[in-house]
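The structure comes first, and the notes follow.

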Amino acid sequence: MKRWIVTWMIFWTAFVFARAEDAVHFKTVDIFVDAGGKPLAAYQLEFQAKSGKVKIVGIEGGEDAAFKEPPYYDAKAMQQERVVIAAFSTEEATKLPKEKTRVASIHVQVTGEQEPDYALALAVAADSTGKKIGAEATFVERKEQ
Amino acid sequence: MPDQDENVNEPQPGSRLGRALGGLRKEAVFIPSAVDESVLRQAGSRLAQIRAQRSRRQRAQWMAVAAGIVLAAVVAQTVLHRSGGKQFEREDLNHDARVDILDAFQLAREIKNGTAHAKTGDFNGDGRVDAADVEILARRAVSLEKGGPS
């Protein structure tokens, strides 16, 4: 009887570890750009998962009407861990976001229990006249509900 | 034996030619110093000419080498420019030495304002400047194949 219990425990432990190794989670990372009071008309940034088994599976637009549409990105970025996204709006300055705004959301598939580590780099941001402006890009991983 | 053969053509001391040669004056020939100086002056002048010619030839050779290097550099620049740089420059509408979303944004604003020109903004070659051309620029800006943001 004892032998059966030990054997059963070994198999159960191996099964649990195997499941943890192959477990797939879907997460959403919100991307924000803060133009510091200036009208944000265009931006380009690079998002990358630095560690963990991460694949980008979807990209959607932001919260403001000016950036509601999904940004431009290379379709080859799907199923990869790196993407360059960019968008612009030809709306008047008064209709553009001036404060911190969510410009996009990136959906990722994470395999395994290791928490992914992300990196974000803003390449350029501009106002409604095309003039480059100093802005800050940040990201927040949305909490699972 | 060979000595005897060589002596055959030499004037013998007792011969007429030998006597005549023996009677020649043995004193040094006097050359006036003015002639000496003149010869030296002319020789110096000729040597200076030769040196100048050599110097000119060397200078010409170096100039030819330098011209060759400059020509090679110009040709290389032109070839590189044609192979990759020209297209890059054409898409760089705001002339900031990189193709990014701001170039697409500029073209979109020009289309909106009616100031777009087919010469600079027609990227798909359909004779018109429209949203399709903006799309081409934007896709190029986010392309991963160029190694991230340019």
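The notes below go from the chains to the sheet, the interface and single residues.

This is a predicted model, in which local features need pLDDT of at least 70, side-chain atom pairs count only at pLDDT 80 or more, and totals for chains, interfaces and linings use all residues. Residues are numbered from 1 along each chain as its sequence is written, chains are lettered from A and ligands numbered from 1 in the order in which they are written, and side-chain values use heavy atoms, with hydrogens and water left out.

**Chain A**

- Chain A has 1 helix and 8 strands; helices (H or I, at least four residues) and strands (E, at least two) are DSSP runs, numbered from the N terminus.
- Read from the N terminus, the order of elements in chain A is α-β-β-β-β-β-β-β-β.
- Of its 145 residues, 41% count as buried; buried means under 20% relative accessible area, exposed over 50%, and partly exposed in between, with a 1.4 Å probe and protein chains only.
- Taking contacts (heavy atoms within 4.5 Å) in chain A with a separation of 6 or more, 79% are between residues 24 or more positions apart.
- The accessible surface of chain A is about 8400 Å², and 55% of that belongs to carbon and sulfur atoms; accessible areas come from the Shrake-Rupley method with a 1.4 Å probe, and for residues only the protein chains shown count as cover.

**Chain B**

- Chain B has 6 helices and 0 strands, giving the run α-α-α-α-α-α from the N terminus on.
- Chain B has 150 residues, of which 19% are buried.
- Among contacts in chain B between residues at least 6 apart in sequence, 40% join residues at least 24 apart.
- Chain B has an accessible surface of about 11300 Å², with 58% belonging to carbon and sulfur atoms.

**The sheet in chain A**

- Four strands of chain A form an open sheet in the order E4-E5-E2-E7, with antiparallel pairing; two strands pair if DSSP finds at least two bridges between them.
- Strands E4 (72–73) and E7 (117–126) of chain A are at the edges with a single partner strand each, so one side of each has no neighbour in the sheet.
- Strand E2 (residues 42–51) and strand E5 (residues 82–88) of chain A run antiparallel and are joined by 7 bridges.
- A:Glu46 has A:Val84 in E5(A) as its bridge partner.
- Helix H4 (residues 101–113) of chain B packs on this sheet and touches E2, E4, E5 and E7 of chain A.
- The direction of that helix makes about 25 degrees with that of E5(A); axes are lines fitted to C-alpha atoms, for helices over the stretch in contact, and angles run from 0 to 180 degrees between N-to-C directions.

**The interface**

- In all, 29 residues of chain A are in contact with 22 residues of chain B.
- The area buried between the chains is about 2000 Å², of which carbon and sulfur atoms give 65%; buried area is the accessible area (1.4 Å probe) that two parts lose on being put together, summed over both.
- There are 2 salt bridges between chain A and chain B, a salt bridge being a side-chain nitrogen of Lys or Arg within 4 Å of a carboxyl oxygen of Asp or Glu.
- A:Lys76 forms a salt bridge with B:Glu145, with the closest N and O atoms 2.8 Å apart.

**Two residues**

- A:Leu96 lies in the loop between E5 and strand E6 (101–111) of chain A and counts as buried because its relative accessibility is 4%.
- Leaving out residues up to four places away in sequence, A:Leu96 touches several residues, including A:Pro39, A:Ala66 and A:Ser128.
- B:Gln106, in helix H4 of chain B, counts as buried at 18% relative accessibility.
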